[in-house]
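Visitor: I would like a close look at a single part of this model, and then at some other positions for context. Please set out the surroundings with the criteria applied.

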Amino acid sequence: MEKHFLHTIFKPENFTTEELNLILEQFENITFKKNDVLIEKGKVANFYFFLESGFLRSYSIDLEGNDITTKFFSGGDIVIDWYSYFLKKPCKESIQALTHGKCWKISFTNFMKLFSIEAFREVGRTRLINNYFELKNHSVSVISDHAKDRYLNLMKEKPQLIQNVPLKHIATYLGITDTSLSRIRKEITR
């Protein structure tokens with residue numbers, strides 16, 4: 001299988017040839033179809049994924065039975081339930097494909113084989129920190145920013161989502177109704 005995509009994450013200049021070969025051997029290429037579930041609520045996440053192409057979302061069902069999108073994933077993102085993967089606890093949300101696509105998965109056992117490689121740990125640490133900041137910024141934004149500003153920010157930071165993701169998922173991610181999102185979109189196009 002072609003592993004060129006993984007070279008964009010694990011840059012060859014940061015690893016010895018032996019380290020890079022060992023890393024690449026641990027990943028398995030998979031394809032997914034729209035609506036496939038990669039990580040399922042209530043089950044332990046035994047894999048994490050580097051998303052090469054396509055769009056995914058994490059979501060949970062609130063106490064009133066509403067499907068709420070908590071995060072979007074697009075090409076280049078790490079797709080993981082950190083809590084479940086590392087602590088071996090059941091997932092609290094599911095991760096579902098919004099389009100067809102391709103990703104690279106690694107099991108926890110194979111991940112642990114690589115943990116002795118310092119540059120590999122650094123890639124993971126950087127990804128974890130970036131995920132934390134993204135989550136924190138989104139959480140604060142839902143509380144302190146106007147819905148229109150949240151939408152404009154999403155358009156600016158991830159314009160490809162607006163074109164490829166159903167608006168109902170974007171609305172729940174922004175913490176608003178479909179109707180409110182429609183009104184905001186009409187207002188922006190004027």
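Guide: Lys71 is placed in strand S5, which covers residues 67-73; helices (H or I, at least four residues) and strands (E, at least two) are DSSP runs, numbered from the N terminus. This is a predicted model, in which local features need pLDDT of at least 70 and side-chain atom pairs count only at pLDDT 80 or more, while totals for chains, interfaces and linings use all residues. Residues are numbered from 1 along each chain as its sequence is written, and side-chain values use heavy atoms, with hydrogens and water left out.

Lys71 has a relative accessible area of 16% and is therefore buried (under 20%; exposed is over 50%, partly exposed in between, with a 1.4 Å probe and protein chains only). The side chains of Lys71 and Glu134 are joined by a polar contact of 2.9 Å, that is, a pair of N or O atoms within 3.5 Å; within protein, one must be able to donate a hydrogen and the other to accept it, and residues adjacent in sequence count only if both atoms are side-chain atoms. Not counting residues up to four places away in sequence, Lys71 touches Leu56, Arg57, Ser58, Asn131, Glu134 and Tyr173, where contact means heavy atoms within 4.5 Å.

Ile61 lies in strand S4, residues 56-61. Ile61 is partly exposed, because its relative accessible area is 41%. With residues up to four places away in sequence not counted, Ile61 touches Asn66 and Asp67. Between Ile61 and Ser94, 33 residues apart in sequence, the C-alpha to C-alpha distance is 9.4 Å.
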